[in-house]
Amino acid sequence: MGGGVSGLATAHFLHEQLGGDLQLTLVESGSQLGGKVASRRFGGHLVDTGPDALLVRVPAMAALLEELGLSDEIVAPASLGAHVWSRGKLRRLPTGTLFGVPDRLIPLVRSGLMSPAGLIRAALDLVLPRRAATSKDPSIADLVIPRLGTQVFDRLVEPLLGGVHAGRAAELSAHSTVPDIEALARKNRSLYLGLRKLRRHAPPATGAPVLITLSGGLTRLVEALVDRLSGDDLRLDTTVTGIVRAGGGYRVDLSDGQHLLADAVVLATPAFATAGLVAELAPGAATVLGEIPYVDVATIWLAYPRSAMGRPLDGTGFLVPPEEGRFMVGCTWSSAKWPQLADDKLVLIRCMVGRRGDTRWLGMDDETMVSRVHDELVEAMGLSARPIHQSIQRWPQAMPQYLVGHQDRLDALDAAIRHLPGLYLTGAAYRGVGLASCVANAKRLAQDVAHDVCQPPAGVRPLTEVTS
């Protein structure tokens with residue numbers, strides 16, 4: 001259930017695991033597959049209105065692109081660096097940071113992001129004694145501020161995490177959101193020295209890009225996955241009205257009055273939707289799922305005449321710290337970042353609004369949102385003309401938040417469905433919000449499903465038919 005990337009990838013990997021023995025039905029409540037992966041024509045180019053990049057550092061993601069025959073469509077971004085809009089100026093994001101934690105002092109000094117007092121406070125990380133853990137699951141703020149101070153946190157860590165998670169780093173679980181930083185803090189007295197040591201012992205850089213896109217947009221990933229499922233029963237515009245135990249498996253009731261019998265059920269739906277689906281089967285699980293909050297976001301595409309640019313596009317865009325109180329969370333200079341979007345006459349700019357605690361935009365119409373974003377772009381970039389084209393994609397309940405205690409919630413969730421063999425959960429709400437994490441989790445889940453279906457518990461008779 002769920003036809004986003006998590007559901008499609010799980011179905012694909014199930015075929016790899018079970019081959020011709022698999023009868024698979026995929027149920028999607030919407031009219032199209034792919035979830036938040038969506039592309040549209042804009043300013044003469046094909047642009048992504050949801051996620052616009054894939055993290056190919058994740059082996060499962062890179063392998064899937066190869067399996068699907070998409071390797072020749074990979075496009076690497078320009079290596080231009082990025083900026084942070086801080087105190088009225090675009091300032092260069094220092095190189096050598098891990099989610100804002102620096103491993104080089106000179107780029108941090110040159111960026112102008114820190115005041116002299118802020119730099120001195122950050123440097124104290126080199127001499128401060130090891131700090132005893134004060135929480136089993138500290139927030140990112142709990143780890144960073146005592147070591148590096150509030151300026152590093154407010155002007156580097158917060159905007160970077162906001163761009164990825166649309167969250168507030170003072171609330172996000174370090175273990176669940178940035179496990180690399182959590183491990184650094186646990187194993188090292190100094191975050192700065194720990195990161196430098198990590199870099200020294202890392203394998204040599206290969207020069208391969210970490211983030212990529214596809215020349216035909218990320219919907220090419222969706223199309224390729226759907227092609228692999230051409231022999232399956234794909235049901236769009238169909239909702240699940242109930243799931244009940246039936247013999248050794250489950251009966252799934254659909255909104256069109258049909259009923260499906262299944263050996264295994266995979267719920268690749270958002271946590272709030274999954275909560276309703278399992279409410280009768282596992283009330284405890286439904287309660288836990290309801291505790292995972294989501295944030296509404298919107299993507300705004302604007303196309304400007306190239307002559308309107310008030311500054312060189314000497315980067316891939318900029319991030320905005322929450323302390324600035326701005327409307328935008330971040331801005332991508334897409335025509336500079338992605339080669340396939342380069343244009344002699346137009347500059348395509350992608351802006352994101354919405355983060356946890358900031359809902360100012362929810363009551364605005366499209367024109368008001370565009371005006372607010374445009375005014376901030378004028379201030380940041382010195383634009384001299386209004387956009388020629390504009391496009392807005394609103395994404396309600398888009399970004400799950402891994403708040404402090406997230407791992408405890410996952411443990412409670414696992415315990416709450418342990419008595420339901422054959423019922424599985426996957427998706428962005430659990431162990432990684434990005435597409436690459438969703439693919440990696442789908443691959444692991446498919447292996448678990450295949451193992452369990454092929455070796456059901458003693459006394460459980462597998463179902464072999466799908467009935468309606």
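Select Leu 105, Leu 124, Leu 126, Val 127 and Leu 193: together they make a nonpolar surface patch of about 390 Å². The model on screen is a predicted one.

Within that patch, pick Leu 124. Leu 124 sits in the loop that runs between helix H4 (116-123) and helix H5 (140-148).

Next, go to Ala 38, in the loop between strand S1 (25-27) and strand S2 (39-42). Is Ala 38 buried or exposed? Ala 38 counts as buried, because its relative accessibility is 12% and the class takes residues under 20%.

To see what surrounds Ala 38, leave out residues up to four places away in sequence and display Val 47, Asp 48, Thr 49, Gly 50, Thr 219 and Trp 395, which Ala 38 touches.

The last stop is Gln 393, in strand S20 (residues 389-400). Gln 393 has 17% relative accessibility and therefore counts as buried. Which residues does Gln 393 contact, leaving aside neighbours within four places in sequence? They are Arg 40, Thr 49, Val 297, Ala 298 and Thr 299. Show the side chains of Gln 393 and Arg 40 to find the polar contact of 2.9 Å that joins them.

Finally, keep Thr 49 selected: Thr 49 is among the residues touched by Ala 38, and Gln 393 is in contact with Thr 49 as well.

Terms used. Residues are numbered from 1 along each chain as its sequence is written. This is a predicted model: local features need pLDDT of at least 70, side-chain atom pairs count only at pLDDT 80 or more; totals for chains, interfaces and linings use all residues. Side-chain values use heavy atoms; hydrogens and water are left out. Helices (H or I, at least four residues) and strands (E, at least two) are DSSP runs, numbered from the N terminus. Buried means under 20% relative accessible area, exposed over 50%, partly exposed in between (1.4 Å probe, protein chains only). Contact means heavy atoms within 4.5 Å. A polar contact is a pair of N or O atoms within 3.5 Å; within protein, one must be able to donate a hydrogen and the other to accept it, and residues adjacent in sequence count only if both atoms are side-chain atoms. Patches are made of residues with over 30% relative accessible area and no salt bridge: like charges are joined within 9 Å, nonpolar side chains (Val, Leu, Ile, Met, Phe, Trp, Tyr) within 5 Å. Accessible areas come from the Shrake-Rupley method with a 1.4 Å probe; for residues, only the protein chains shown count as cover. A salt bridge is a side-chain nitrogen of Lys or Arg within 4 Å of a carboxyl oxygen of Asp or Glu.
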